[in-house]
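Q: Hi, could you walk me through this one? I would like to begin with a helix and then move on to other parts.

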Amino acid sequence: MSVSIAIFASPGELAVDAAHRISRVLHEAVLERGSAVIALSGGTTPKAIYELLATPAFRGRLEWNKVHMFFGDERCVPPDHRESNYRMVREALLERASIQTLNIHRIHAELPPSEAAKRYEKEVATYFDGGHPRFDLVMLGMGEDGHTASLFPGTAVLNENRRMVAETFVPQLNTSRITLTFPAINHSRTVLCLVTGKGKAPVLREVLEERPGKYPVERVAPGQGDLLWYLDKEAASQLTKERI
Ligand code: 6PG
């Protein structure tokens, strides 16, 4: 695994570089393997990136009909709900860039959680011909509690080592979510972890410099891939070491 950390002056600058990086990784995958597969994340920083990817400047760089889009996680709400990650991606990217829906593999989170997880796991398995999923790119964020995707501290799904997708009840939020599990995330070619905002600075310092082993995001480790941390300067403001 190679790990790199990039720090940007603002979330806007981070978004521009991330959009370049994403389109490059996907473009290379299309060149090498004929198609590309990405797992998208929810959250505010990714939204700005999706909007950039939908602009004419970026749109022309990729053969979107060869890019398959999955989701790293989803809230258990219908697809038009304001909390739906799918809705956000649809509005920020898919509709603006007229991307064909055939390649969009959303989580049917309007179903009961266990059904939604099984259905999505099947969809992932079908795409990867029943083999271990290997996403070209998985986008992740980090919460102030160190969660990533919907892998929250203290939840059983952190130790899932068989399933690639699982439903998880999050007591902290009193709600269920559907998420890719660590075995799926950690088998990807590239993981892009986007972290912005001062609120995340203390936990991010612990995660990158002390590794206390208590935050879910610490378990992100694509063994045969690259882990790219994209931080804004606020999130990075408590880092003390020049190199991690
Ligand atoms: C989601 C993801 C979650 C997110 C982090 C960071 O919201 O869909 O489950 O893991 O990436 O909470 O979100 P922000 O980047 O918006 O702070």
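A: Gladly, and please keep in mind that this is a predicted model. In helix α1, the buried residues are Leu14, Ala15, Ala18, Ala19, Ile22, Ser23, Val25, Leu26, Ala29 and Val30.

Q: Why might residues a few places apart in a helix point the same way?
A: An α-helix has 3.6 residues a turn, so residues three or four places apart point the same way.

Q: Changing topic, how many residues surround the ligand, and which are the closest?
A: There are 14 residues around the ligand, and the closest are Asp73, Arg75, Asn85, Ala149 and Lys200. The space that the ligand takes is the largest pocket.

Q: Which atoms of Asp73, His147 and Ala149 lie by the ligand's oxygen atoms?
A: For Asp73, a polar side-chain atom lies 2.3 Å from an oxygen atom of the ligand, and for His147 a polar side-chain atom lies 2.9 Å from an oxygen atom of the ligand. With Ala149 a backbone N or O atom is involved, and that atom lies 2.7 Å from an oxygen atom of the ligand.

Q: How much of the ligand does the protein bury?
A: Taken alone, the ligand exposes 410 Å², and the protein buries 87% of that.

Q: Back to Ala149, what is its phi, and where does the residue lie?
A: Ala149 has a positive phi of about 45° although it is not a glycine, and the residue lies in the loop between β5 (137–141) and β6 (165–170). Most residues other than glycine have a negative phi.

Q: Asn174 has a positive phi too, so is Asn174 buried or exposed, and what about Ala149?
A: Asn174, with a positive phi of about 50°, is found in the loop between β6 and β7 (175–180). Asn174 counts as exposed because its relative accessibility is 62%, which is over 50%, whereas Ala149 is buried, with a relative accessible area of 12%.

Q: Last one: where is Glu121, and which backbone atom lies by its side chain?
A: Glu121 is found in helix α5 (residues 113–127) and counts as buried at 19% relative accessibility. A polar atom of its side chain lies 2.9 Å from the backbone nitrogen of Met164.

Conventions: Residues numbered from 1 in each chain as written. Predicted model: local features only at pLDDT ≥ 70, side-chain atom pairs only at ≥ 80, totals over all residues. Heavy atoms only, no water. Buried < 20%, exposed > 50% of the residue type's maximum accessible area, 1.4 Å probe, protein only. Helix = DSSP H or I, 4+ residues; strand = E, 2+ residues; numbered from the N terminus. Near = heavy atom within 4 Å. Polar contact = N/O pair within 3.5 Å; in protein donor to acceptor, adjacent residues only side chain to side chain. Areas by Shrake-Rupley, 256 points an atom, 1.4 Å probe, with all protein chains shown as cover. 1 Å grid on protein atoms, 1.4 Å probe; cavity = no way out; pocket = protein on both sides within 12 Å on 5 of 7 lines; lining within 4 Å. Sits in = over half its atoms within 2 Å of the grid points.
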